[in-house]
Amino acid sequence: MGTIKQVQVTFDCAEPIRVARFWSGVLGYEVVLPKGFDTWEDYERTRPPKSRGSWAACVDPSGAGPRLYFQRVPEGKVVKNRVHLDVRAGTGLVGAERLAALEAECARVVALGAVRVRLLTAEGGEESCIVMQDVEGNEFCLD
């Protein structure tokens, strides 16, 4: 039996702080500030120019969800993600009630910078979801 207690999800991206702030807004997470600093800007001023903006992280304040870590990579996104997050906005809901909850959440995350891609409607509406993209084009689903 393994002893793993937590999971961290890591995103490759161009602008880690921007992406961390987006996901914090979507999930109700808090951006992690480096120890000893009151703002990211204060921290970044202490770093060599090439290292500035190279990482960021956010955490679930309740401790229930995984830590999200964002690291700068030189290459851009080329193809569909191999892993994506499902944001559970319609859990336990079916039919029109589920679709209404998904649409409401879609409007909220679009206001944060997400892009709606398409609605995937399941028979009976029980497993319908909305495919979205975050601020750097990474896919995720509202389900």
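Partly exposed here means a relative accessible area between the buried limit of under 20% and the exposed limit of over 50%. The model on screen is predicted. The tour covers salt bridges, and the structure holds seven of them.

**Stop one.** Select arginine 18. Its relative accessible area is 41%, so arginine 18 counts as partly exposed.

**Stop two.** Select arginine 21 and glutamate 41. A salt bridge joins their side chains at 3.4 Å, N to O. This pair links distant parts of the chain: arginine 21 sits in helix α1 (residues 16-27) and glutamate 41 in helix α2 (residues 40-45), 20 residues apart. Arginine 21 is partly exposed at 43% relative accessible area, and glutamate 41 is partly exposed at 41%.

**Stop three.** Select arginine 116 and glutamate 103. Here the closest N and O atoms of the salt bridge are 2.5 Å apart. Again the pair links distant parts of the chain, 13 residues apart: strand β6 (residues 115-120) carries arginine 116, and helix α3 (residues 95-111) carries glutamate 103. How exposed is arginine 116 in terms of relative accessible area? The value is 34%, which makes arginine 116 partly exposed. Glutamate 103, at 33%, is also partly exposed.

Technical notes
Residues numbered from 1 in each chain as written. Predicted model: local features only at pLDDT ≥ 70, side-chain atom pairs only at ≥ 80, totals over all residues. Heavy atoms only, no water. Salt bridge = Lys/Arg side-chain N within 4 Å of Asp/Glu carboxyl O. Buried < 20%, exposed > 50% of the residue type's maximum accessible area, 1.4 Å probe, protein only. Helix = DSSP H or I, 4+ residues; strand = E, 2+ residues; numbered from the N terminus.
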